[in-house]
Amino acid sequence: MKHLIPLFIALTLIFTACGDDQTDYKIGGKGEDTGVSTDPRQQNGPEIAKYSLEFPALKGGNSVVIVHSGKLNDKFNKSGVNYSVEWDTQKHAQRWSCYKLYADNYKNGNQVSRYTANNDGSLSATCQYPNDPDLATTYQFTKDPYKGSGYDHGHICPSADRQRANEANYQTFFITNMQPQNNKFNAGIWANMESQVRTWAGKFDTLFVCKGGTIDKSEWIIKYLGSGDNKIPVPKYFFMAVLGKKGSKFQATGLWIAQDNYSSTALKSYACNIQTLEKYTGLDFFCNLPDDIENEVETIPFSKMETEWTWFN
């Protein structure tokens, strides 16, 4: 149920869909209390990039897209797409993880424990941070570049967003879902931002989320960990692009923050509209929206965006 999408296929899928008025798709919505989409096309990995709103346009180059599917809710025996990753095989790094989030993805009981195992750096299937089994062996790490580096394995699709099923939670620990993060950043303001997104999930039928760190410009990289095929960049900046759907209405917001920022100041001070976030990151978010809706939600003035979204502080 897991699929690796080669670049030439993924580019065709995504760039064909971006900008099209695909109004016939019903994505998310009320009544999906298990957090699982009822759209049967979600079970077909290579098709997901055509219509799923959390997907940005691919950066291209040496990238592959990995779509992780599996059990999302153990109590109700529900399965579906967990999250997706764009992995740059040359940079040995992920560009983003994207996923859907519903309130029942992480609360209202039936929680499973956070996956835990021996953090021995072996990358085995039973260690704390395994190699991604759906990444071609050619591109997998031979040793964990994080181990002993002083940087955390920073989840991009958070473990706390996937605690209704053991399989879904385990998949969030794949090393392809990680970016190097200073512990003060990872356990501090980044964790606060993740908690804020989970709070928003309770206010919408569906959240479409795309998150990652900057790996595409030298000035966006702090340093490198490891060496050779185990060499990975440490992003200087991190971002979150969030699209909320309630009924037939959409609204969007972005977050952009430097990794060396460990403060707990108001989260909205890092907020920006999606058009601005696209300029910062070079990515094209929410391109599967109809053009008129995409333009409306991405260019909203900051003052209006501030009133549409509630913030912790």
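Guide: This is a predicted model. Two strands pair if DSSP finds at least two bridges between them.

Visitor: What makes β8 and β9 a pair?

Guide: Four bridges join β8 (residues 221–225) to β9 (residues 232–235). The rule asks for at least two, so the strands pair. They run antiparallel. Lysine 223, for one, has valine 234 in β9 as its bridge partner.

Visitor: How do you know that cysteine 210 is in no disulfide?

Guide: The nearest cysteine sulfur, that of cysteine 98, is 5.5 Å away. A disulfide needs sulfur atoms within 2.5 Å, so cysteine 210 is in none. The structure holds zero disulfides.

Visitor: Why is cysteine 210 called buried?

Guide: Cysteine 210 has 0% relative accessibility.

Visitor: What makes arginine 198 and aspartate 161 a salt bridge?

Guide: Their closest N and O atoms are 2.9 Å apart. The cut-off is within 4 Å, so the pair counts. Arginine 198 lies in helix α5, and aspartate 161 in the loop between β5 and α3, 37 residues apart. Both residues are buried.

Visitor: Why does lysine 268 count as partly exposed?

Guide: Lysine 268 has 31% relative accessibility. That falls between the 20% and 50% limits, so lysine 268 is partly exposed. The side chain of lysine 268 meets that of glutamate 306 in a salt bridge (3.0 Å, N to O). Glutamate 306 has 30% relative accessibility, so glutamate 306 is partly exposed too.

Technical notes. Residues are numbered from 1 along each chain as its sequence is written. This is a predicted model: local features need pLDDT of at least 70, side-chain atom pairs count only at pLDDT 80 or more; totals for chains, interfaces and linings use all residues. Side-chain values use heavy atoms; hydrogens and water are left out. Buried means under 20% relative accessible area, exposed over 50%, partly exposed in between (1.4 Å probe, protein chains only).
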